[in-house]
Amino acid sequence: MGYLRRLPRFEYLAPRSVVAVCDALAEYPGEARLLAGGTDLILQMRRREVAPRYIIGLKGLSELAFIRPQENGGVTIGAMTTVRTIESSPLIRERYGLLCRTAAEMGSPEIRQSATIGGNLAGALPCADFPPALITLGAQVKLKSQQGERLLPLEEFFLGPEQTVVGPSDLVTEIQLPAPSPLSDGAYVKFHDRHAMDMTTTGVSAFVTLDQERRRFCDVKIALASSAPTPLRAKNAEAALRGQAFTEKAVEKAAALACQEAQPRSSWRASRDLRLELIKSLTKRAIRQAWEKAKAPPDGGRP
Amino acid sequence: MPRRARWPGREHRLAIETMQEHSIIGRPVPKKDAWLKATGEAKYADDHSLPGMLYGKLLRSPHPHARILHIDTSKAERLPGVRAVATGKDFPGIKYGNLPQTRDYLPLALEKVRYIGDEVAAVAAIDEDMAEEALDLIQVEYEILPAVFDPEEAMQPGAPQLHDHAPDNISSQSAFHFGDADRGFADSDLIQEDIFETQPVKQGMLEPHACIGLWDNTGKITLWASKQSPYVVWRQLAMGLGIEPGKIRLVQTYIGGGFSGGKQEAMPMDFCAVLLSKKSGRPVKFVHTMDEVLTIGHLRHPIKIWLKTGIKKDGTLLAQHCKIIANGGAYSSIGQLSMYIPGAMLNLPYRLPNVKYEAYRIYTNNGFCGAMRGHTLPQICFARDSQLDIIAAKLGVDPIEIRLKNAAQPGEVTPNGFRLTTFGFTECLQRVVEASQWREKHGKLPRYRGIGIGCGSLVSGARLMGHSSSTAEIKVQEDGTVLLVTGSTDVGQGADTVLSMIAAEVLGVQLDDVRFAMVDTDITPVDPGTFSSRVTFWTGNAVKLAAEDARRQLAEIAAQKLEANPEDLIFRDRQVYLRQQPQRGLSFGELVRLAEYRLGRIIMGKGSYTSGEELIDFRTGYGNMSPAYTPSACVVEVEVDPETGQVTVTGIWGAHDCGFPLNPMLVRGQVLGASVMCIGQALYENLIRTQGKVMNPSFRDYKMPLATDVPKLANVEHINIITRDPSGPFGAKEAGEGAATGVIAAVANAVYHATGVRIKSLPISPGKVLFGLKEMQGKGNKPANLVKG
């Protein structure tokens, strides 16, 4: 990591439409980087970790800054929607409390004002908070290029740290969320050294759907941040809970399975052992909180 | 709650007493420059610019240890927009620094680089982009040398050697023995030995270092810079340039935080700014980026502390033997003093007859260490007061009782010759116990909540070798206003306000009538600077003397006019009148005009203060370092999350003997700020270095506590213990550093009482707590507060 310096030289392109962005990407394959909120890219450029010849600024793409309800009861979020917009959207709050709460606890107000959902996904940092929350919500991502568009589950989007399926000529355009089922809700629980405004050491998102009697887990999705090279679905933990009644024993078992599935690494930020301990604690908390929220009547139980 | 009602009552009575006695002193007044700073109008060094100014940048070593074989600057010089380039060879090669035996700084490296970040070359260009681009064009050929990062490895035979003058990489050492430690241990019923370790910590001031240098055609040098101790910089700049200080003018700008984070010394940027100005004929500005600030140095020393304490069954301390090894980094800074202080103040605020001390400061290929708020005392207090709790538990004594039993008292002289004049430590303990409801909480809180105490002590300005005195000049102006000139700086602590309050009190004018000048070495009197909590005490005394001098001159004239004795005159509320006949008098402004217009006497007062001629004998460690000492006690309550190991400070109650709070609002601000800084060191902060490389050089990753990490104000209380020191101005002593010295130990002790986990290395990170808990559960132990006795 070098010293923070002035930005390197680059040519700034400011296309006004998705089509124009795709054209620019096709014109300069491998030489251009997309600039959304810039909270990660600008730092990388100032440290000279990347020095792209062209920067394609996406700020002018108002067509990608939206939160739109779908006829099927789902919601589509444009990739250039800021974290702050998601945090304060009544629609998101009403339908996806999990996403709203996750957004509200990311970074600082200044960062949330600038950072976008598309950037948070495409940056593919293992510690990013949106991916686990969105994965447990069953999100899909739409990519566009001159060749056309494709839609894929967010789970299949990440390949490694800062690596995704996004090709050099692809643009992430939107995130689609399915209609929330009744008696479902989730919780994203993360740990960092300080109490706020800090990078996530480890995070766990749990999204649960209860049966009609509100006794058993009808469906469970669990995804982890900073626990593997990519955001990770803890599928064994999920399977262990599915169809089970809510008991401390079941929660403990699921947490232990999540730890087995996780492959956290040791870094100067935290050791593997600490991360494993945290995954265990946070998985339990996330499941418990998700259960409580899902169980509560929709009008009274939500913030 | 009756408890809460009582103390404000007492404070209130004190306020009434104060008002009767003084008209300005003792009142909670906001800082004079608060408005300027809050509105962004205050001009910091980087806000200044001069016509034709160039921008400088420094090339830093990418290697922790290497020989410089060759530097080729020709390409950089040819880059359009570059006006000058400098390397170490442009300077006379004179090493500069603080104490004569530890001068090891060079303006730019000559033969070797000793840490990642060491300054190798500098450029001045028409803008910052050009200057940075030029850095890339400077080619430095290095021969990489083996490096050493751990001080104990660096002390081993055969370890890479950093400096020719320092065999075994010993940068400085200190050793002394007072009383008879062996006898003390022999007479002890319990001997406790522990090893504690502290981490590298940064000051975290929000304004990075910045300066503008100008070397004019006549050979006169001017440096505008953010400096907390401008005269140290003035002297060191002359030393490193090989010229007389009289050729240099240093002009202080507003300072965005000091804490001895480098603004107390001449830095490579200062040398390069003036030298590049000489080469280019233009003024040159340098501003560090925050990652440069966090990389280069002036850290709080990480120290390994071995502490052995002997104690009687009844809790009487008999002897302590302490050995410390400090990771000094690549250069000395003020390290010699850093090594003396922990031994000299190992005992305080306790009574300890026998002390043995050995300290080694070791050169390593890391960013260098120096002073930071509290200097090396927060580290040693963490060790000592943690160990005191270990001992108390073993003896079955309450942590408060053991402290009360050993509390040093006013009038005592410590074995190394510190004379305690006023010293309200016992009262500190009593008051903090009451405020924190210690007796209701200690051992009685629910699981994973705990309360702990830590204590400390500090000087009110150290009497050092070299120049130590402070001077003030007062010019009384014809409109009745007062111009106060000192060599001291306001680094945010409120010196501008408190010093002005002292002048206003003596002359009987309003605070707003006093204008406080910033340091300009062409105009202001020489001063050691802002460090070791000396400004209020030393410069405050000088200001009081200067104001009294001016008042004497005015009183003489007023006495003639009013046909009275000068001693019978009262100066108050911009009036001068007879004590017995207040109706006989004249306004302050009239009096000044009478003196200046009619009698032709310009009223200028002068005052200098020093604490006496006695010096510390650093070979024996004996001598009285400071004119007054302040004790403090702090209680911290924490909550520990047993599943994550996260510690949350939920309450902090402190008591501190500041002699007399000249401005209680500023005292509170200082105490809370210092306490939060130590909460940071206790729980969060750690400059992580891997093979000499700083891994977290940003405020995102170097984690200082935020508002969410400190207790709610309702659970924060600070109590001033009033002792009115006879030699302090209006009885005042130190207030900016001492109150926090016990905070780290208080946190560690509270974590212990919450969890049973004793953490002896800083920071008290979630991992250490969590694995400590697991280890205990493995042994089947219960948290301490569930164990009786």
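This is a predicted model: local features need pLDDT of at least 70, side-chain atom pairs count only at pLDDT 80 or more; totals for chains, interfaces and linings use all residues.
I started with helix α8 of chain B, residues 268–280: the helix has 13 residues and spans 18 Å from its first C-alpha to its last, close to the 18 Å expected at 1.5 Å a residue.

Next I asked myself how many residues of α8(B) are buried. Eleven of the 13 are, so α8(B) is largely enclosed by the rest of the structure. For burial I went by 20 or more other C-beta atoms within 10 Å of a residue's own. I listed the buried ones: P268(B), M269(B), D270(B), F271(B), C272(B), A273(B), V274(B), L275(B), L276(B), S277(B) and K278(B). Then I looked at what follows the helix, and found G281(B), with a positive phi near 75°.

On to the strands of chain B. I found an open sheet of three strands, ordered β4-β2-β6, and the pairing is antiparallel. Which strands sit at the edges? I got β4 (112–113) and β6 (139–144) of chain B, each pairing on one side only. I also checked how β2 (residues 66–72) of chain B is joined to β4(B): there are two bridges, and these strands run antiparallel. For R67(B), I traced the bridge partner in β4(B) to K112(B).

Last, I looked at where the chains meet. Chain A puts 18 residues into the contact and chain B puts in 21. On the chain A side that touches chain B, helix α11 (residues 272–295) of chain A gives the largest share, four residues. I sorted that side of chain A by residue type and got nine nonpolar, three polar and six charged.

Notes. Residues are numbered from 1 along each chain as its sequence is written. Chains are lettered from A and ligands numbered from 1 in the order in which they are written. Two residues are in contact if their C-beta atoms, placed from the backbone, lie within 7 Å. Ala, Val, Leu, Ile, Met, Phe, Trp, Tyr, Cys and Pro count as nonpolar, Asp, Glu, Lys and Arg as charged, and the others, Gly among them, as polar. Two strands pair if DSSP finds at least two bridges between them. The expected span of a helix is 1.5 Å times one less than its number of residues. A residue is buried if 20 or more other C-beta atoms lie within 10 Å of its own, exposed if 12 or fewer, and partly exposed in between; C-beta atoms are placed from the backbone.
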